[in-house]
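Please open the model in a viewer and keep the selection panel at hand.

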Amino acid sequence: MGILQEDVVVISEGEKPGESTEITVNCPDKAGLGCDLCRVILLFGLSICKGDGQTDGKWCYVVFWVVGKPSTRWNLLKQRLLEVCPSYFSTSEIDFYKPENQQPRPPDVFLLKFWCSYDYEGLLHDVTEVLCELELTIERVKVSTAPDGRVMDLFYITDTRELLRTKMRQEETIHYLKKVLGKALISCEIELAGPEFTACSQGSPFLPSAITEDMFSLELPNNHRSGFLAHNPVSVTVDNAFSPSHTLVKILCKDHKGLIYDITRTLKDYNIQISYGRFLASRKGNCEVDLFLMQADGKKIVDPNKQNALCSRLRMELLCPLRLAVVSRGPDTELLVANPVELSGRGRPLVFHDITLALKNLNTPIFSVEIGRHMIHDREWEVYRILLEGDGLPVSRNKIEEGVRKVLMGWE
């Protein structure tokens, strides 16, 4: 194709503050490439305001217009986007409809353990922000407060740069943690995680049955049902007459953080290819998406049952990309947030970061945290259980739910 490596991903920053940045990806295609690209963009805290792309199943050309923080590290974003693009030397070997023969080796999991002499509002978010900046991915968290007020945090993390085995990388991580925690930090150490990580991954085996049935229902919610993050109309329609070779799916909905990621991860899980797509978000927050789709066999989606199943799942994922509830746990209050796990095994980016940010903004103290995975209704969920101190919460439960919802959905 004559494409140089530096041209695979091209980022053109906006000339004026507030203008969108254009990201162009021109590379061989692979199954789920759109999902992987959108996941990286979401991981960097960016919002896609417009998108256009097409593929013939062999080669892909995509353009995203994104907005985000002035501090975005664009060179690092380009590097991470390049890493999910197939090698441009391997075009002749690509077959979209066959799974990859070699799965990547799971990253090493490390245990970051530290004690603080006292807790303070926003401690967890400050730590989470440091880890995100260092490209350390939080897989699991166990936080507990001792009777004397000391705090022990266990973070199970992986390193995007795959350098955490080295002394230099560990020292860098501890240095930045000391910088943000200051005198509160008593001790800090990093080691390769052992079998305890598997036990921690399972989470508490018990979730209240009422919460399980309500939060994790796969049926579209009623207007007054609890646990769901949004109550906005979502329209998903199928048209097989417009194109002779593709099924056209049109989506109208309200914008939220990670919307294109939610669409592409759903299609990736269904093994459906996007041959052409167009996305536009208005200033009022309304989104219009046109997708020309094919099944794994290269044919249109003509089976009415498959059409209904796909439309129903897309409506559900856009209406309720995450589930949320604030419940009683003894004398205390517990915040539960859950997101579906991709079939590839990856959870949604930045969920814990956004939860801790929302609680910090609400001046709400965190007593303990547990993150685990649960199989519910034949689907794997990542569940965040945040125990809040019961006496003297600064805001009501409704305010907590509303505040966390707004940050998670990007509506703050």
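The stops below cover helix packing and then a pocket. The model is predicted, and residues are numbered from 1 along each chain.

**First stop: helix 1 and helix 7**

Select residues 33–43, which form helix 1, together with residues 259–269, which form helix 7. The axes of helix 1 and helix 7 come within 8 Å and cross at roughly 150°. Angles over 145 degrees count as roughly antiparallel, and helix 1 is therefore roughly antiparallel to helix 7. The crossing of helix 1 past helix 7 is left-handed. To display the contact, show Gly34, Cys35, Asp36, Cys38, Arg39 and Leu42 on helix 1, and Ile260, Tyr261, Thr264, Arg265 and Lys268 on helix 7. Sorted by class, the contact between helix 1 and helix 7 comprises 5 nonpolar, 2 polar and 4 charged residues.

**Second stop: helix 7 and helix 8**

Helix 7 passes helix 8 in a right-handed crossing. From helix 7, display Leu259, Asp262, Ile263, Arg265, Thr266 and Leu267; they meet Leu310, Arg313, Leu314, Glu317 and Leu318 of helix 8. The classes in the contact of helix 7 with helix 8 are 6 nonpolar, 1 polar and 4 charged residues. Arg265 deserves a separate selection: this residue takes part in the contact with helix 1 and also in the contact with helix 8.

On helix 3, show Leu123, Asp126, Val127, Val130 and Leu131; on helix 4, show Thr173, Tyr176, Leu177, Val180 and Leu181. The contact of helix 3 with helix 4 contains 8 nonpolar residues, 1 polar and 1 charged.

**Last stop: the second largest pocket**

Which residues lie nearest the centre of the second largest pocket? Select Gly18, Glu19, Thr21, Gly68 and Pro70, which hold that position among the 13 lining residues. The volume of the second largest pocket is about 290 Å³. Its lining divides into 5 nonpolar, 4 polar and 4 charged residues.

Terms used: Predicted model: local features only at pLDDT ≥ 70, side-chain atom pairs only at ≥ 80, totals over all residues. Heavy atoms only, no water. 1 Å grid on protein atoms, 1.4 Å probe; cavity = no way out; pocket = protein on both sides within 12 Å on 5 of 7 lines; lining within 4 Å. Points joined across faces, edges and corners; volume = space filled by probe spheres on them. Nonpolar A, V, L, I, M, F, W, Y, C, P; charged D, E, K, R; others polar. Axes fitted to C-alpha atoms, helices over the stretch in contact; angles between N-to-C directions. Helix = DSSP H or I, 4+ residues; strand = E, 2+ residues; numbered from the N terminus. Left-handed = near helix turned anticlockwise from the far one by under 90°. Contact = heavy atoms within 4.5 Å. Parallel < 35°, antiparallel > 145°, perpendicular 65-115°, else oblique.
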